[in-house]
Amino acid sequence: MTSVPHHLAIVMDGNGRWATRRFLPRVAGHRQGLEALRRCARDCAERGVRVLTVFAFSSENWARPADEVSGLMDLLASALSREVPELSRQGVQLHFVGDTAGLTERVADGLRRAEQATAHNQRLVLNVCFNYGGRWDIAQAAAKLVAQGREITPDNLDGAMALAHVPHPDMLIRTGGELRLSNFLLWQCAYSELVFTDCLWPDFDGARLDDALAQYAQRQRRFGLAPEQAQTLAKHTLAQAAPSVAANPAVTPLVAAPRAVA
Ligand code: FPP
């Protein structure tokens with residue numbers, strides 16, 4: 001059994017402060033943040049993480065100064081043209097998660113093309129949440145079910161959420177020292193292990209990732225069960241020990257690698 005999280009989610013916070021401390025414009029921090037993301041995707045794949053989901057632009061970020069918003073849009077557009085071939089070479093399958101209605105046709109088209117170009121890759125699923133909010137996700141899933149005339153149940157909602165193609169995150173890391181979720185993956189992080197670090201995102205490196213993975217390895221995951229039941233779960237497969245938990249897509253692997261219960 002491995003104690004490496006199958007799915008890691010990250011709130012990449014601290015780009016602005018990283019830049020301000022160096023008397024640079026905030027967008028320089030986001031540029032450096034993109035470097036950190038590239039490094040983190042590589043480090044995650046090397047350590048056996050199979051799904052990485054990052055918060056790149058929230059539904060609320062539109063209210064930031066116009067030059068910062070346009071800087072982030074430009075960064076996304078240039079990342080789409082520059083990064084995709086190398087990510088694909090590394091076996092990364094890209095997904096953009098969020099409300100594309102708010103994006104320009106050029107950017108939305110670039111996102112779709114990047115997804116198509118990397119759809120066959122199997123080493124790491126990288127979900128980039130852009131124009132995303134947890135409340136938006138729950139609302140759009142409910143609206144989808146209503147439009148289909150289906151009942152609103154946890155399982156049906158789960159299948160209609162924007163991250164339905166992967167199991168729920170096992171661990172969520174937030175850099176930058178703030179202790180909140182900021183409307184990220186509100187539904188999906190119900191049982192995720194949370195790790196907070198003061199490290200600013202552009203400084204997040206393999207050693208910081210290893211620190212977080214070491215914390216994860218120490219945690220006992222219980223999914224609402226009693227500690228002694230959870231211990232049993234660690235010894236058996238989820239399907240044998242707790243069918244009701246195993247039936248939840250949150251703990252069922254949807255990409256190739258077998259998922260450990262830790
Ligand atoms: C939060 O830091 C970070 C963001 C709002 C943007 C995150 C974007 C990247 C890491 C770059 C990746 C980009 C793409 C296009 C994939 P903050 O600005 O709130 O930092 P602060 O709390 O120090 O002000």
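**Stop 1: around the ligand**

In this predicted model, the shell around the ligand takes at least two residues from each of helix H1 (15–20), H2 and H3. Select H2 to see the largest share of that shell, 4 residues. Then select Asn15, Gly16, Arg17, Gly33 and Leu76, which come nearest to the ligand among the 18 residues around it. Coloured by class, the shell shows 9 nonpolar, 7 polar and 2 charged residues.

**Stop 2: H2 against H3**

Select residues 26–47, helix H2, and residues 66–89, helix H3; their axes come within 10 Å and cross at roughly 30°. Angles under 35 degrees count as roughly parallel, so H2 is roughly parallel to H3. The crossing of these two helices is right-handed. To see the contact from the H2 side, pick Arg26, Val27, His30, Arg31, Leu34 and Arg38. From the H3 side, pick Glu68, Gly71, Leu72, Leu75, Ala79 and Glu83. By class, this contact of H2 with H3 consists of 5 nonpolar, 2 polar and 5 charged residues.

**Stop 3: H3 against H4**

On H3, select Met73, Leu76, Ala77, Leu80, Val84, Leu87 and Ser88. These meet Val107, Gly110, Leu111, Ala114, Ala117 and Thr118 of H4. The contact of H3 with H4 has 10 nonpolar and 3 polar residues, with no charged ones. Leu76, part of this H3–H4 contact, is also one of the residues that come nearest to the ligand.

**Stop 4: Leu213**

Go to helix H7, residues 206–218, and select Leu213. Is Leu213 buried or exposed? Leu213 counts as buried because 21 C-beta neighbours lie inside 10 Å, where 20 or more are needed. Draw a distance from Leu213 to Val4, C-alpha to C-alpha: it is 6.6 Å, for two residues 209 apart in sequence.

**Stop 5: two residues with positive phi**

Select Phe23 in the loop between H1 and H2. The phi of Phe23 is near 55°, a positive value in a residue other than glycine. Phe23 counts as exposed, because 7 C-beta neighbours lie inside 10 Å. Now move to Asn183, in the loop between strand E5 (171–174) and strand E6 (193–196). Asn183 is not a glycine either, and its phi is positive at about 65°. With 17 other C-beta atoms within 10 Å, Asn183 is partly exposed.

**Stop 6: the whole chain**

Zoom out and colour by secondary structure: the chain has 10 helices and 6 strands. Of its 262 residues, 38% are buried. Among contacts with a separation of 6 or more, 74% join residues 24 or more positions apart.

Technical notes: Residues are numbered from 1 along each chain as its sequence is written. This is a predicted model: local features need pLDDT of at least 70, side-chain atom pairs count only at pLDDT 80 or more; totals for chains, interfaces and linings use all residues. Axes are lines fitted to C-alpha atoms, for helices over the stretch in contact, and angles run from 0 to 180 degrees between N-to-C directions. Angles under 35 degrees count as roughly parallel, over 145 as roughly antiparallel, 65 to 115 as roughly perpendicular and the rest as oblique. A crossing is left-handed if the near helix is turned anticlockwise from the far one by less than a right angle, and right-handed if clockwise. Two residues are in contact if their C-beta atoms, placed from the backbone, lie within 7 Å. Ala, Val, Leu, Ile, Met, Phe, Trp, Tyr, Cys and Pro count as nonpolar, Asp, Glu, Lys and Arg as charged, and the others, Gly among them, as polar. A residue is near a molecule or strand if its C-beta atom, placed from the backbone, lies within 6 Å of it. A residue is buried if 20 or more other C-beta atoms lie within 10 Å of its own, exposed if 12 or fewer, and partly exposed in between; C-beta atoms are placed from the backbone.
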